[in-house]
Amino acid sequence: MLLRSLTRSSSNASTSLFFRLFPRSYFSRSSPATGRNIRRLSAAGTGSELFLRRGLRLLPAAASGCLSGQFSRAVSTQTATSYPGSQDEAEKLGFEKSREEFISECKSKAVLFRHKKTGCEVMSVSNDDENKVFGVVFRTPPKDSTGIPHILEHSVLCGSRKYPLKEPFVELLKGSLYTFLNAFTYPDRTCYPVASTNTKDFYNLVDVYLDAVFFPKCVDDVHTFQQEGWHYELNHPSEDISYKGVVFNEMKGVYSQPDNILGRITQQAKNTYGVDSGGDPKDIPKLTFDKFKEFHRQYYHPSNARIWFYGDDDPVQRLKVLSEYLDMFDASPARDSSKVEPQKLFSGPRRIVGKYPAGGDGDLKKKHMVCLNWLLSEKPLDLQTQLALGFLDHLMLGTPASPLRKILLESGLGEALVNSGVEDELLQPQFSVGLKGVSDDKVQKVEELIMSTLRKLADEGFDTDAVEASMNTIEFSMRENNTGSSPRGLSLMLQSIGKWIYDMDPFEPLKYEEPLKTLKARIAEEGSKAVFSPLIEKFILNNPHCVTIEMQPDPEKASQDEVEEKNILQKVKASMTDEELAELARATEELRLKQETPDSPEALKCVPSLNLSDIPKEPTFVPTEVGDINGVKVLRHDLFTNDILYTEVVFDMGSLRHELLPLVPLFCQSLLEMGTQDMSFVQLNQLIGRKTGGITVYPFTSSVWGSDVPCSKIIVRGKSMVGRAEDLFNLMNCVLQEVRFTDKQRFKQFVSQSRAGMENRLRGSGQGIAAARMDAMLNAAGWMSEQMNGLSYIEFLHTLEQKVDQDWEGISSSLEEIRTSLLSKNGCIVNMTADGKSLTSTEKFVGKFLDSLPEKPSSGQVTWDARLPLRNEAIVIPTQVNYVGKAGNIYSSGYKLDGSSYVISKHIGNTWLWDRVRVSGGAYGGFCDFDSHSGVFSFLSYRDPNLLKTLDIYDGTGDFLRGLDVDEDTLTKAVIGTIGDVDSYQLPDAKGYSSLLRHLLNVTDEERQIRREEILSTSLKDFKEFAEAVDSVRDKGVAVAVASQEDIDAANKERSDFFEVKKAL
Ligand SMILES: [Zn+2]
């Protein structure tokens, strides 16, 4: 749902994917909280585990959308067999087999079929992975920036022939055990993937998706197009006309973020990639319903589809399901007309200057961005070259020690990298590198520095340790096959599609072992310079297709855009007769009525769902043995991890002085990126890369249910091959004890990178900032977290930037004080996940590590009871869309924790808030969250055109619940959907990690069982009772909005001084 690239292009905004709102993943509302750029092969963790607090629920839910490991193959009902006779069966079902291969990298048998009648291609991948994945992908190159592919992606999920309700997608969100359910729009294709571990559920999902893409209602019903795309809204002929539409507002949010705007103009291509498949808010209103329908007719056709199946289900069943749909079509020429034509390389460099909306405060002269982009080739690259380029990318930019990254950041010319890295998911690969936070007179210097550094790297090559570190990191991550919380089959599908969609070999991207071996051998024989220097020369230095983009801040742009939009709308209104205006008001009302009318029970029944009897009665228990090594508590999780050891060492922050709290994130970064007496940070980093799979350090805070004392810890997380466990613990020790806080210049960089990262977050995920702010008013853990990751942190970073020069001594000794306060055997906990034998064999290294820790008598605990003053706040940022929140503590109003609260809050989010805030309000998202540890119940909206109106919707939630009449089916669905959240699929390391967090928060397995039973027995009465709890949020809750000046002023005028106003950017 958020604009993020799911797989390989995480560093480059130009391949933007547009995700639908995806509540389940949303629970782990985690975000890369520091300015650190998370790169795809980065061993240093995903960053998403930072500040997990808000995402953590009593039950594992999506608690850890974080590091993950190899599959444990404990459960496998069906083995991936070769299926005798399947050839005939495939023939009978209308398919011919084009190719079959065993892919050892993913231990799968893959068969490529062709549907004879339509030419539709199907990859059928069989293995013993229970997390089954299906996806249908169409090639959808747009010709303009009206956003057709994106609006269509939203719209096809709004009802279909067999499932004629408003939004089957939402019904699936409510009542399925899916482990993945979403859709994405790429610049040239649209993907519809689903996943589930439950076979019945999986095929339900597949059928709804197939029916949706081939037979959607939206091509006959203009209302869907208006709702998801755009329409004129006029409530009364005397009022002003405005634009509404989910995609319209989603894209306004995208176009408010400077990094995204930059990404959008990088390519300047003459082909498909020169326009925006997501839609430019200025162009979206040019789209007509006819063009929209025609696009579907042309491209959403089996002849233009590629379909993927993956997992342990029956391969014949796959073809059966497909043939029912595909046989209904004849062949079409879509596959030819959707071909993406490559862009010819430019004969010389080009330069583009663009503007982005900036706040009026601060020194705008220092807010320029500059980025250099190369289109690498006219033809797609072979896998060997692509792999070498990926490697080169990691060497140049992958870690803080990588030379191109390091030199740019240390130059002091800018505050953070933008859009940097190789992008190879599209037809033609691209390389970009740039800086933001650059002074207007330094832009030229940045360009020169980039070029001279690349020149130097081509001339001098990389040092051996760096090459070894990158090699180990890449190999480790391939072996670990870390897909985090997303299914492995999905990640494979997206890799395969990257070639397949251009009519190339879909098998090739799955097979990396041979090319990797070849590359290693070449490096060993010829030396790394002979391998990488020619790549830099050919693809970058001697490549004429270089586009330089400079982005200038423009404090007027946001309001100019708004005025421009108003003018257009005024003209539209002036051109209409009274009759037409009356008609528009009537149409507006009609659309609203339709949106607010619930689906009939009959319509709802047609969406297939599971029965309560399909649901396991017990939660998943993680094997946990609590023991002790040298007086320190050690948790061991005996799980198959493919020879990888995952470990966490936890230290208590309980005796840290309040004032030092905002320094903690920078303290953590310093540990990993500052170096020791004997080793520069580059050497330390390379050593970690060479010996381990990565080490991360981050703070974790949460309220603890039934306790006044928050849980506040520093977690050191590491992983390595079991055979390298000694190195891992030695390196963890080195990081904790030997790193010296003496490098002022590096620290200064950390500060400005963090500030840049936080500001980006404020613009792009303002709902997180608003939520943190409200939490900080409501409880101590929230206050702590906000100090390290909220608006208070941004403010702190601003002052700190000045202070580094004036009082570095003071800061350095504060960092030392944090270390002294944390580092102690007392209160330390070690968590380990691996198979039993490996756990035993690594014990001695843990013992040695623990013995080296200082033994400190538990010093006086500091009481953490700070809060921000309770008040309604509006945080001003330059934006076209708002983030609106309201929250209150329902425990203090007398609510007693019950598992039904999960079901009810999910239901509120999926019905009341979805319908009012998103569907009729036009926001991209609206949801609620109940933190059962603290008792805080919060409402939040995302990219929202409204402000007070949204607050009124929140306030109406109690009445909604009281008036609710849910039938048995709806209730069952809600219960199953909740269990789906609770039982979310986890790889072994995530299981071990969740278990640790539960231990820290005193959540026992007995309690999880009780909550589960409460979930399963949720009744309508619980909904009605919950209304009172929600009323207390209405009456005593606090509102925080991150919004535009205009909207805040208007709100404060309407409700006299409702908000205290704070300026942030
Ligand atoms: Zn979207």
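Select strand E25 to begin: Gly925, Phe927, Asp929 and Asp931 point one way from E25, Gly926, Cys928 and Phe930 point the other way, and all of them are buried. Buried here means under 20% relative accessible area, exposed means over 50%, and partly exposed lies in between, with a 1.4 Å probe and protein chains only. Helices (H or I, at least four residues) and strands (E, at least two) are DSSP runs, numbered from the N terminus.

The model on the screen is predicted, so local features need pLDDT of at least 70 and side-chain atom pairs count only at pLDDT 80 or more, while totals for chains, interfaces and linings use all residues. Residues are numbered from 1 along each chain as its sequence is written, and side-chain values use heavy atoms, with hydrogens and water left out.

Keep residues 925–931 selected. Seven of the seven residues of E25 are buried, so this strand is largely enclosed by the rest of the structure. In a regular strand the side chains alternate between the two faces of the sheet.

To follow the pairing, select Gly925, which stands opposite Tyr942 in E26. Then move to the turn of the hairpin, where four residues lie between the strands and Gly935 takes a positive phi near 90°.

**Second stop: the whole chain**

Zoom out to show the entire protein chain. Its secondary structure comes to 38 helices and 28 strands. The radius of gyration is 28 Å, close to the 31 Å that the globule rule gives for 1065 residues, so the chain is as compact as a globular protein of that length. This radius is taken over C-alpha atoms, and the globule rule is 2.2 Å times the number of residues to the power 0.38. Along its principal axes, the C-alpha trace spans about 80 × 65 × 65 Å.

A coloring by burial would show that 66% of the 1065 residues count as buried. The accessible surface of the protein chain comes to about 36300 Å², of which 50% belongs to carbon and sulfur atoms; such areas come from the Shrake-Rupley method with a 1.4 Å probe, and for residues only the protein chains shown count as cover. Among the contacts in the protein chain with a separation of 6 or more, 83% are accounted for by residues 24 or more positions apart, a contact being heavy atoms within 4.5 Å.

Select residues 305–311, strand E11. Seven of the seven residues of E11 are buried, so the strand is largely enclosed by the rest of the structure. Both of its faces are covered: Ala305, Ile307, Phe309 and Gly311 lie on one side, and Arg306, Trp308 and Tyr310 on the other.

Now display strand E4 (residues 121–126), which pairs with E11 in the parallel sense over six bridges. Within this pair, Val122 has Ile307 of E11 as its bridge partner. Display also strand E5 (residues 132–139), which pairs with E11 in the antiparallel sense over six bridges. Here Gly135 has Trp308 of E11 as its bridge partner.

Go to the loop between strand E18 (632–638) and strand E19 (644–652), where Asn642 is found. The phi of Asn642 is near 55°, a positive value in a residue other than glycine. Asp643 is in the loop between E18 and E19 as well, and has a positive phi of about 70° although it is not a glycine. At 38% relative accessibility, Asp643 counts as partly exposed.

Continue into E19 and select Glu648. At 1% relative accessibility, Glu648 counts as buried. Show the residues around Glu648: not counting residues up to four places away in sequence, Glu648 touches Ile715, Val716, Arg717, Ile829, Val830, Asn831, Tyr993 and Leu996.

**Last stop: two further buried residues**

Select Tyr192 in strand E8 (residues 189–196). At 0% relative accessibility, Tyr192 counts as buried. Finally, select Ser703, which lies in the loop between strand E20 (694–702) and strand E21 (711–721). At 8% relative accessibility, Ser703 counts as buried.

Note on methods: Pairing = 2+ DSSP bridges.
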